[in-house]
Every structure is written in C-alpha cells, then in structure tokens.
Amino acid sequence: MIELRDVHKSFGKVEVLKGITASVAKSEVVCIIGPSGSGKSTILRCINGLESYDRGEISVEGARVDSNDRSIVAIRTQVSMVFQRFNLFPHRTALENVIEGPLYVKKEPREQAVARGRALLAQVGLADKAEVHPPKLSGGQQQRVAIARALAMQPKAILFDEPTSALDPELVGDVLSVMRKLADDGMTMVVVTHEMGFARDVADRVLFIDGGVIVEQGAAKSVLNQPQHPRTQDFLRRVLHPL
Amino acid sequence: MQKFFHDAVEFVPILLQGVWLTIVVTVGSLLLSTVLGLVWALMRVSGIRILTGLSAALINVIRGIPIIVLLFYIYFVMPDFGIALSALQAAIIGLGIAYSAYQAENFRAGIEAIDKGQIEAAQTIGMGWWLTMRRVVLPQAVRIILPPYGNIMIMMLKDSSQASTITVAELALQGKLIASSTFKNTSVFTLVALMYLTMSIPLILLVRHFENKANRK
C-alpha cells in the first residue's frame, strides 16, 4: 500500500535519508525504531508530503507522493498523521477538532460529521470530553483526541510520529491501548516509537534505522528478540537496559 | 474659565463638524489599511518568492515615505495622471496605504507566532493553504494581533489630522480656521485637544480589554 524506493533526503548538506527502500502492506503494522536523529520521523513526514524528498520514489496505493503537487491533498486525506506533540487546534473543542477535516475538507453534512465525531471520541474513551478545549485535557487525552481526528478522515493508513514520547509515563498506556485496538481492527499503521513492548506485541514488522539507512528489518519478534546486526543489538541493549 | 465655557458653547458645534470628518477619515483609512495590510501579510507568508519579495518591497517603500508626502502625492500629483480624487478620498486612501505597512507587519508577526505544528496538523487533514489560514492560523493569530491593532487605531485617529494638509476640514483644520479668525487660540485648541482625547479614551479602554484577554489565555 505504501512503497518507498531508494528515497534520499538532505537538509542542507546533511543527508538524513540515504536510500530507504521499504513497503507497508494493507492492514500491516510497521514500527520504525532507531536512535534520535536517525531519520525515522523524516520518513513519515516524506510519506505524507510534509517534507519533500530529493531522490527515489514514494507512492501510496500507486499514486506518487509529490509534496509540491495538488495531488498531495488527496493522499493526505488517505494517510493521516498523529504527532508527538498532538498539534490539536487549541481554539476548538475536542469535537470540533475531530470534525474539522470532515466538515471543511470532505464537505460532509454537519449532522453526519458530528455523529461520527462523537462516536470516534467514544471509541478513544473521551465521550465526556467532546466540548472541552485541548489545553484543559491531559497529554494522554489530547493524543487520543488527535487519533480520533486522524480517524475522522477515514484514512487507509495512519502514521504515528512518536505518539507517546511527550506523555507522562502513566498516560502512555491509554494511548497505546487505543492504538492496539486500531491495529486489531485492521488499520494500516506506521509507528515511529521507542515503546519496544508495543512494537513487540502489536507490530507485524520492525525496521531498525540508523544513520539514514535501514540497518535491519523483519518480523517484530525476531528483530527485537534476536537482532542480527551489532548496531541493532547495541541499540536494543541501551533502550531495554539503560543501566 | 467662564469665558472658556462661553467660547465652548459657541465653537463646539463648528468643531463637531470637524469631529465627524475626523471619524470618517479614521474609520475609512482604518478599514482600507486593514484590508491592504492583510493582503501584504498573506503575500509575505505565502512562501511564493515573487509575492514575498513584492510585499517586502512595497512595505519598505510605504514605510519610507512620510504620510504628508504620500497625501500630497495622491492629491496633487495623481491628477496629472488623470486620477482626480476629492480631498476626503485622497486622505482616506493616503492614510490607508501609509498605515497598511504597519498593519502588515503586525499581522505577519501574529501569523508567524503560530506554532508550525498547527499548520502541519491542518495539512495532514488535507487542508490547503487558504483553508489552513482561515480555519487554523488566523483565528489563533487574532489574539496576538489585537492589542497592537488597538494602538494602531489610536495612532490613526491622531494622524487623521494630517488630512488637514490637503484641505480636509477635519477637527484640527476646523480648529485652526476658527482660531485664526477669532484669535481665541487657548479656548479653541484646548477644545480640540479635549475632543481628540475624548475620542481616544474608548480606544484606549479597548486596547486594555484586548491585552487583558490576550494575557488571560
């Protein structure tokens, strides 16, 4: 469903992606792990055109991703994104955040958008927070609203950019369990994360990225339990046993 | 003091005609400067190089010319190019253009203060540039823009007196005319100053209201 072929990307003189080739099938959950600055987030941002890429090709269901072309709008409505810092619209309530896209981008009738918006908020466990503005919600609640906002576009895939990294530890579980439910329901997901437990339990495949290249990839359990490459082994040892 | 009140009764009705024109010039040029300023600011943040450059150049040219020269230019020079405007029209257009530069810089600062993540979130739900501006950026930028906007309103009220230089009989010119024909300088200009002050006070209170509201957030 999502294909990357030899994707290169530089910021100025720094090449952050040095030839990424990967694919994500329908209903697959792929976790991208790796040290900070390895290019993990950049991959996600290139997939939905928040960043352009210099060489290679990215396509979503056969349509080429070009951040400078009008077609990017259609791709973005199919591939939603959830951010590390939530990026909810603070001047709108939780429900208004969720229905913003359906109302103004997809031009759905209001009653229909509101009904589905409320159902989605219920799905992420926030039915009672529909009329609350984001600054009055906890980080975990905000992130769940953000997931509902992404789902409201009825996307074919969702990209998660470190969705739990900005959360207090005790709030991480609520967000991860919402994501796990999505995975169980067959949503195609690409998740950049440091939550190795989530990757092991929920992901079908794991990509380990370091220095802008895919160092190792494979079934989640085999990469995480028996990493083959020394860099993957080193990274996992540091993450799982920091002391 | 009694003489002052006596003069006031006599001159206030004439000065009020000037007050009316002052309000017309201020409101007219405020509207024009707001619209133009918003256009310059949106051009500036559009990310399209030609528009950005054009807007930056325009703002600098406008900022670099004194208001009075701009007014003379529009009122006295434009007729040479076949554009003859009434003094009132020229005043509103001149002040509107002059202040559009300051409005633009204020709007731009407000727009650029909005977190980039907001724009990215809007993009990821499929919003285009204009929809992102209208639904996400501008509603949030307004809180930042309003307090300085109030100050610009006060400055424009006072600078509307520059319209007197191209014969618009607003409050300042009306005062000068009465003073030069009656020689009652003290009474007349005290009244003129009080009238400007009276018009400024609601604006000053409005600015305070905006500031409180912005700080509460």
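Trainee: What makes S9 and S10 of chain A a pair in this predicted model?

Mentor: Two strands pair if there are at least two bridges between them. Strand S9(A), residues 205-210, and S10(A) have six bridges, in the antiparallel sense. They therefore count as a pair. Within S10(A), A:Gly218 is the bridge partner of A:Val206.

Trainee: Why are S6 and S10 of chain A said to stand at the edges?

Mentor: The open sheet has six strands, in the order S6-S7-S8-S3-S9-S10 (chain A), with mixed pairing. S6 (79-82) and S10 (213-219) each have a single partner strand, so one side of each lacks a neighbour in the sheet. On average, neighbouring strands are turned by 15° against each other, direction ignored.

Trainee: Which helices touch S6 and S7 of chain A?

Mentor: Helix H2(A), residues 71-78, lies across S6 and S7, at about 65° to S6(A). Helix H5(A), residues 139-152, packs on the sheet and touches S6 and S7. Its direction makes about 170° with that of S6(A).

Trainee: How do you know that the span of H4(B) is close to the expected one?

Mentor: Residues 87-112 make 26 residues. The helix reaches 37 Å from first C-alpha to last, against 38 Å expected at 1.5 Å a residue. H4(B) does bend, by about 35° at B:Ser100.

Trainee: What makes a set of residues a nonpolar core?

Mentor: Its residues are buried and joined through side-chain atoms within 4.5 Å. The largest core has 51 residues, and A:Val206 is among those with the most contacts inside it. A second, separate core of 48 residues includes B:Val19 and B:Ala90.

How values were computed: Residues numbered from 1 in each chain as written. Chains lettered and ligands numbered in written order. Predicted model: local features only at pLDDT ≥ 70, side-chain atom pairs only at ≥ 80, totals over all residues. Heavy atoms only, no water. Helix = DSSP H or I, 4+ residues; strand = E, 2+ residues; numbered from the N terminus. Axes fitted to C-alpha atoms, helices over the stretch in contact; angles between N-to-C directions. Contact = heavy atoms within 4.5 Å. Expected span 1.5 Å × (residues − 1). Bend = angle between axes of the 7 residues up to and from the residue. Buried < 20%, exposed > 50% of the residue type's maximum accessible area, 1.4 Å probe, protein only.
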